[in-house]
Amino acid sequence: MIPTPVQQADQIFVTLQHRLVSYLPAAFQSVADVILSVIAIVLVFALLFAVTTVLERKGLGRIQNRYGPNRVGPAGFFQPLADGVKSLTKEDLVPRTADQMVHFMAPVLLVLAAFLAYAVLPVGRNMVLANLNAGILFFFAVGTLVELAVFMAGWSSRNKYSLLGAMRAIAQMISYEVPLVLASIVVIMAAGSLSTVSIVDMQTGYSGIWPHWFLFTPWGIAGFILFMIAATAESNRSPFDLPEGESEIIAGYYIEYSGFKFALFFLGEYLGMFATSGLAITLFLGGWAAPFSFLTWIPSYLWFFAKLLLLIVIFIWIRGTLPRLRMDQLMSFAWQFMLPMTLINVFVAGVWHFMPAGVIRWGVCALVLVVPAFLLSRGLKQGKKFAARTYRFAE
Amino acid sequence: MFGEGILKGLAETARNFLGSYVSKNRLTTVQYPEERLPQIEAYRNFPFLVYDGDDWQQGLRCVSCFICEKECPPKCIIIEKSTDKKPDAVGKPQFYPKVFNIDVSVCMSCQICVEVCPFDAIKMDTDYELSTTNRFSALLWDKHRLAKSNEHYHKIHPTEAAAVDAALATERAKVAAKAKAAAEAKPAAAPATNPNGASTTAADKPVPTASEK
């Protein structure tokens, strides 16, 4: 069968990779295949990181009625290049009392862990590095490495602020890992598979022009929102950026890092954000599938990156809007709202599976989700009245 | 309602984001090297030495009285008096500074030197683009670097400069009248000094009656 031009455009990178690999002797082909994919992932997502830093700074600037970077290159888009040169030429300070080895390993491990997660993300049709049958499990397992790297950084710096920052970061990341995993369980229940590729494949069908994304179910919407909230906290972004907390603990766990190691922390954080956004796309937004049946002629990888950029824009928008939470608010939100809501969502997904399809199923499931959400948010607010603070000893 | 505040906030930031592309006056940033705000008249930065006329050496108003050097709180002014004399701004023969240095890396722009100067010789400048590649010699400003014309003073602080000019004019008139009276009293003595003092040197024409010291 001869592929149509649309299919050719869709599979251009896959065929290119096969073409390149086929020049090598058979013994090296599988290794070269993987190496090519790894190079592609590293290049593309590092580039995306560079673009995102500019977009974020310009977006935040505009939100605050400023210009943002507009000097380096056309409209300031070469700013990351200048930043990269700056961080490379900066002096790399290491505290004398620091644990030198661990201090060096922490940013490397962070970036490594962030990149490992991309192995199971299908960025296009047939475009996944490793089609593991426990892909989501692998993703979350690798995601926990980030916590290890964060604590290594905080501990090895021998600085009370970095240790405090690391402890806060660990507390936050572990607390939000629970709702993150529970929010994605609903999709695993519906798909009956842990493989990211088969989860996307299940969402590629269309009813009329409408896609079969898991987002378009009550538990899908709730799961997506809960997943995104947990992902924001997991990637230490505003309003959950307490581990960094410039105004309280200066820069948290990476206070003792400078130069390129600091840039690596930055990179790792953004890569983690892209990875969790990518997983959200895979689980709820149909992965690389087009949003309408008449748009399937656009190559699948473009759809994946369009969705990723959309989620990045939402992240930036949220960051420009919400102030930082307090530590106790953060924790009570995780355990008193997120955890019960995700558990209810798992229950709803089960109800959805066993009820006959129709409007009633929609209504019942939506009701079971909305009422507890409302009550829980009321409960969080209970007994918290805003009033002028009195300071007993300061006045 | 549940989450209403967050939605309101998101709408507000979206309005700011889109509005900044639509209306220019939302953006308060001045794109500095290309556009600049007009300077207010009271702005001051570092001191400079005023000179009258075209020759910065002859027209220098400073008479090397050391008041500013003594009053300078961070001690950033270094003056060396000349051995000879030249006519000052009002026409009296005076010493002049052989060396007048200000270390601007030390200067704190307090304007005390300007306030204590009885000769209106030192004033505050408004130049702020002063970066140099050398942090020692390039920041020790000598007499030549400090000397700026009265026209420059008029340009940066017009009201103040006009008042100073008026005061100097009455002073000059007084000195001229005195010299005239002296010349009339002693017609055989040396001719009166030129009130403007720009073209003649005082060194070869000692007039002890006009000097203050």
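User: What makes helix H9 of chain A count as mostly covered?

Analyst: 15 of the 17 residues of H9(A) are buried. A residue is buried if 20 or more other C-beta atoms lie within 10 Å of its own, exposed if 12 or fewer, and partly exposed in between, with C-beta atoms placed from the backbone. This is a predicted model, where local features need pLDDT of at least 70, side-chain atom pairs count only at pLDDT 80 or more, and totals for chains, interfaces and linings use all residues. Residues are numbered from 1 along each chain as its sequence is written, and chains are lettered from A and ligands numbered from 1 in the order in which they are written.

User: How do you know the span of H9(A) is close to the expected one?

Analyst: H9(A) covers residues 218-234 and reaches 24 Å from its first C-alpha to its last. The expected span is 1.5 Å times one less than the number of residues. A:Asn236 follows the helix, with a positive phi near 55°.

User: Why is H6(A) called a helix, and where does it run?

Analyst: Helices are DSSP runs of H or I with at least four residues, strands are runs of E with at least two, and both are numbered from the N terminus. H6(A) spans residues 135-156, 22 residues in total. Its end-to-end reach is 32 Å, close to the expected 32 Å. Just after it, A:Arg158 takes a positive phi of about 55°.

User: Which elements do the buried residues of H6(A) pack against?

Analyst: Those residues pack against H5 (100-116), H7 (160-191), H8 (196-202) and H11 (259-284) of chain A. Among the buried residues of H6(A) are A:Ile136, A:Phe139, A:Val146, A:Val150 and A:Met152.

User: What makes the radius of gyration of chain A agree with a compact globule?

Analyst: The radius is taken over C-alpha atoms, and the globule rule is 2.2 Å times the number of residues to the power 0.38. For 395 residues the rule gives a value near 21 Å; chain A has 23 Å, which agrees. Its C-alpha atoms fill a box of roughly 80 × 60 × 40 Å along the principal axes. Chain A holds 14 helices and two strands, and 40% of its residues count as buried.

User: How many of the contacts in chain A join residues at least 24 apart?

Analyst: Two residues are in contact if their C-beta atoms, placed from the backbone, lie within 7 Å. Among pairs at least 6 apart in sequence, 76% of the contacts in chain A join residues at least 24 apart. In chain B the figure is 69%.

User: Where is confidence lowest and where highest in chain A?

Analyst: pLDDT is the predictor's confidence in each residue, from 0 to 100. H10(A), residues 246-249, is lowest at a mean of 68. H12(A), residues 300-321, is highest at 91. The chain averages 86, and 97% of its residues score at least 70.

User: Why are E2(B) and E3(B) said to pair?

Analyst: Two strands pair if DSSP finds at least two bridges between them. E2(B) (77-87) and E3(B) (93-103) have eight, in the antiparallel sense. B:Ile77 partners B:Ile102, and B:Pro87 partners B:Pro93. The two strands form a hairpin with five residues between them, and B:Gly91 in the turn has a positive phi of about 105°.

User: What makes E2 and E5 the edge strands of chain B's open sheet?

Analyst: The sheet order is E2-E3-E5, with antiparallel pairing. E2 and E5 each pair on one side only. Two bridges join E3(B) to E5(B), residues 140-141. B:Asp103 partners B:Leu140 there.

User: How many residues of chain B contact chain A, and of what kinds?

Analyst: 12 residues of chain B contact 13 of chain A. The chain B side divides into five nonpolar, six polar and one charged. Here Ala, Val, Leu, Ile, Met, Phe, Trp, Tyr, Cys and Pro count as nonpolar, Asp, Glu, Lys and Arg as charged, and the others, Gly among them, as polar.
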